[in-house]
Amino acid sequence: MARTKIALVGSGMIGGTLAHLAAMKEMGDVVLFDIAEGMPAGKALDLSQAGPVEGFDANLKGTSDYADIAGADVVIVTAGVPRKPGMSRDDLLGINLKVMKAVGEGIKNNCPDAFVICITNPLDAMVWALREFSGLPHNKVVGMAGVLDSARFRHFLATEFDVSMEDVTAFVLGGHGDTMVPILEYSTVAGIPVPDLIKMGWSTQEKMDAIVKRTRGGGGEIVGLLGNGSAYYAPATAAIQMAESYLKDKKRVLPCAAHLTGQYGVDGLYVGVPVVIGANGVERIVEIALDDEAQKGFQVSVDAVNELLDACKGLDSSL
Ligand code: TXD
């Protein structure tokens with residue numbers, strides 16, 4: 001039986017971290033692809049030499065040739081240009097749309113049966129474009145943002161409540177970052193919803209509002225601190241969780257940018273919603289009833305995604 005093959009298209013900060021995590025977890029063999037000559041091979045060699053120390057067996061290969069991703073079971077796409085301080089996610093649109101075209105064709109020609117996780121920003125538009133360019137079924141192409149946004153939210157909540165991160169769950173909907181819609185009623189500590197925790201005196205609504213605001217700006221906070229590039233440890237960890245749910249048919253319920261066909265009143269767009277990921281990719285969309293405020297917040301996300309898609313269609317006539 002051949003080992004699982006994981007292709008990482010884009011071998012920069014997130015791509016390299018993904019390779020490290022995939023190898024450490026012995027998820028399979030790893031192909032690091034990048035247009036930068038030499039760099040993916042350098043990272044693959046460096047990581048391979050961590051193998052004897054850490055005790056993992058995984059073949060790691062660096063390449064700039066799409067033929068090397070042939071037969072990949074999972075493809076994680078980070079190819080593109082990251083955000084610089086002061087630059088909005090949407091500024092990245094033009095450059096990264098062209099990258100998605102090349103990547104989509106590479107996937108279509110070499111591993112059309114793969115489960116594809118897109119990370120490149122602006123996420124909700126890029127995952128849609130990547131699906132269009134690759135022609136893969138919608139359930140096999142998904143975007144990573146919600147797991148990261150909810151992890152940021154969970155981190156802040158766990159710190160505020162002074163409890164283990166493990167016991168905090170968070171429910172988020174909508175677009176990545178700025179337009180994220182956290183649902184406090186469905187965010188819990190060991191099953192106790194946040195509004196109840198406020199009533200119990202564990203925190204205040206004001207503190208929760210501040211945490212929501214900090215979570216929405218979580219990516220920008222890290223961009224500002226790093227000074228060069230954007231977050232990569234947590235984004236890579238989030239995408240690995242999604243890949244594992246697919247490869248192990250775990251059927252985890254995770255917030256992802258998924259293709260909606262009428263759920264939440266949205267048709268034909270990728271927007272962040274909770275989904276079940278198993279061996280068939282996105283197996284189910286979890287649709288809950290939203291109150292007026294959440295519905296309004298969700299609509300802001302949908303409008304933002306629609307605006308980006310219109311811009312994409314203006315930039316590439318094949319879309
Ligand atoms: O939650 C989320 N979805 C995100 C998204 C969280 C954090 C960062 N997010 C976005 O991920 C970020 O805005 C970027 O669009 C991607 C990748 O971030 P990373 O920090 O890994 O960027 P790097 O280090 O610049 O790596 C990108 C690599 C780089 O090595 C380029 O040479 C390569 O992409 N690149 C390409 N590879 C293959 N093919 C093409 N065409 C190509 N163009 C650039």
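Modeller: Questions and answers on this model follow.

Modeller: This is a predicted model, where local features need pLDDT of at least 70, side-chain atom pairs count only at pLDDT 80 or more, and totals for chains, interfaces and linings use all residues. Residues are numbered from 1 along each chain as its sequence is written, and side-chain values use heavy atoms, with hydrogens and water left out.

Biologist: How much space lies in the largest pocket?

Modeller: On a 1 Å grid over the protein atoms alone, a pocket is an open set of points with protein on both sides within 12 Å along at least five of seven lines, a cavity is a set where a 1.4 Å probe fits but cannot get out, and lining residues have an atom within 4 Å of a point. Points are joined across faces, edges and corners, and a volume is the space filled by probe spheres set on them. For the largest pocket, that space is about 850 Å³.

Biologist: Which helix gives the largest share of the lining of the largest pocket?

Modeller: Helices (H or I, at least four residues) and strands (E, at least two) are DSSP runs, numbered from the N terminus. Helix 1 (13-24), helix 4 (93-110), helix 6 (146-161) and helix 9 (218-226) each supply at least two lining residues. The largest share, four residues, comes from helix 4.

Biologist: Why does the largest pocket lie between domain 1 and domain 2?

Modeller: Domain bounds come from an automatic or database domain assignment. The lining has 41 residues, with T78, A79, G80, V81 and P82 nearest the centre. The pocket lies between the domains because its lining takes residues from both domain 1 (5-144) and domain 2 (146-312).

Biologist: How far is a polar backbone atom of I119 from a nitrogen atom of the ligand?

Modeller: V81 has a backbone N or O atom 3.5 Å from an oxygen atom of the ligand. For I119 and the ligand nitrogen, the distance is 3.0 Å.

Biologist: How many charged residues line the largest cavity?

Modeller: The structure holds one cavity of 30 Å³ or more. About 70 Å³ of space lies in the largest cavity, and 15 residues line it, A145, G146, G174, G175 and G272 being nearest its centre. Ala, Val, Leu, Ile, Met, Phe, Trp, Tyr, Cys and Pro count as nonpolar, Asp, Glu, Lys and Arg as charged, and the others, Gly among them, as polar. By class, the lining has eight nonpolar and five polar residues, and the charged ones number two.

Biologist: Which peptide bond is cis, with omega near -5°?

Modeller: Look in the loop between strand 5 (115-118) and helix 5, where P122 sits. The cis bond runs from N121 to P122.

Biologist: Which residue has a positive phi of about 55° although it is not a glycine?

Modeller: Look in the loop between helix 6 and strand 7, the place of D162. The residue with that phi is D162.

How values were computed
A polar contact is a pair of N or O atoms within 3.5 Å; within protein, one must be able to donate a hydrogen and the other to accept it, and residues adjacent in sequence count only if both atoms are side-chain atoms.
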